[in-house]
Structure formats: structure tokens, C-alpha cells
Amino acid sequence: MSTGGKVAVVGVVAAIVLFATVGFWAGLLVLIGVPTVGYFMLDSSQRRRLRGISGKQIGR
């Protein structure tokens with residue numbers, strides 16, 4: 001299984017566990033909020049560099 005496939009499986013399992021423990025809306029808030037906060041914590045130069053990288057290059 002590829003690395004992307006493993007990440008997708010872990011993400012689905014984490015979402016199911018999160019939804020079961022804290023409820024749907026709180027789990028959805030965490031699943032969307034954590035990556036968003038992480039993105040906004042980057043410097044403007046780091047955000048610019050990240051936007052210039054394709055999705056396949058991020059995992060390298």
C-alpha cells in the first residue's frame with residue numbers, strides 16, 4: 001500500500017473514533033480546524049512555498 005493510502009486509512013479511522021467520542025460537530029470542527037490553524041501559523045514565505053508545491057511533492 002502506498003504512503004498516501006496509509007494516510008487516508010489512518011485519517012478515516014481517526015475521524016470515526018473522533019466522531020464516536022466527542023460527537024459529529026465537535027469532531028468536524030477538530031478535523032477542519034487543526035490543519036487550518038497549522039496553515040495560518042506558517043510565515044508568509046512558508047505559505048507561499050507551500051502553495052507552489054503540488055500535492056505529490058509534499059510527501060517526498
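This is a predicted model: local features need pLDDT of at least 70, side-chain atom pairs count only at pLDDT 80 or more; totals for chains, interfaces and linings use all residues.
At what angle do H1 and helix H2 (residues 24-40) pack, and how far apart are their axes? They pack at an angle of about 135°, with axes 7 Å apart.

Residues are numbered from 1 along each chain as its sequence is written, and side-chain values use heavy atoms, without hydrogens and water.

**Helices**
- The chain has four helices and zero strands. Helices are DSSP runs (H or I) of at least four residues, and strands (E) of at least two.
- From the N terminus, the order is α-α-α-α.
- H1 and H2 cross in a right-handed way: the near helix is turned clockwise from the far one by less than a right angle.

**Surface**
- Buried residues (under 20% relative accessible area) make up 3% of the 60 residues.
- The accessible surface (Shrake-Rupley method, 1.4 Å probe) is about 5100 Å², and carbon and sulfur atoms hold 70% of that.

**A nonpolar patch**
- Met1, Val9, Val13 and Val17 make a nonpolar surface patch of about 400 Å². Such patch residues have over 30% relative accessible area and no salt bridge, and their nonpolar side chains are joined within 5 Å.
- Val9 sits in helix H1 (residues 3-22).

Note on methods: Buried means under 20% relative accessible area, exposed over 50%, partly exposed in between (1.4 Å probe, protein chains only). Patches are made of residues with over 30% relative accessible area and no salt bridge: like charges are joined within 9 Å, nonpolar side chains (Val, Leu, Ile, Met, Phe, Trp, Tyr) within 5 Å. A salt bridge is a side-chain nitrogen of Lys or Arg within 4 Å of a carboxyl oxygen of Asp or Glu. Axes are lines fitted to C-alpha atoms, for helices over the stretch in contact, and angles run from 0 to 180 degrees between N-to-C directions.
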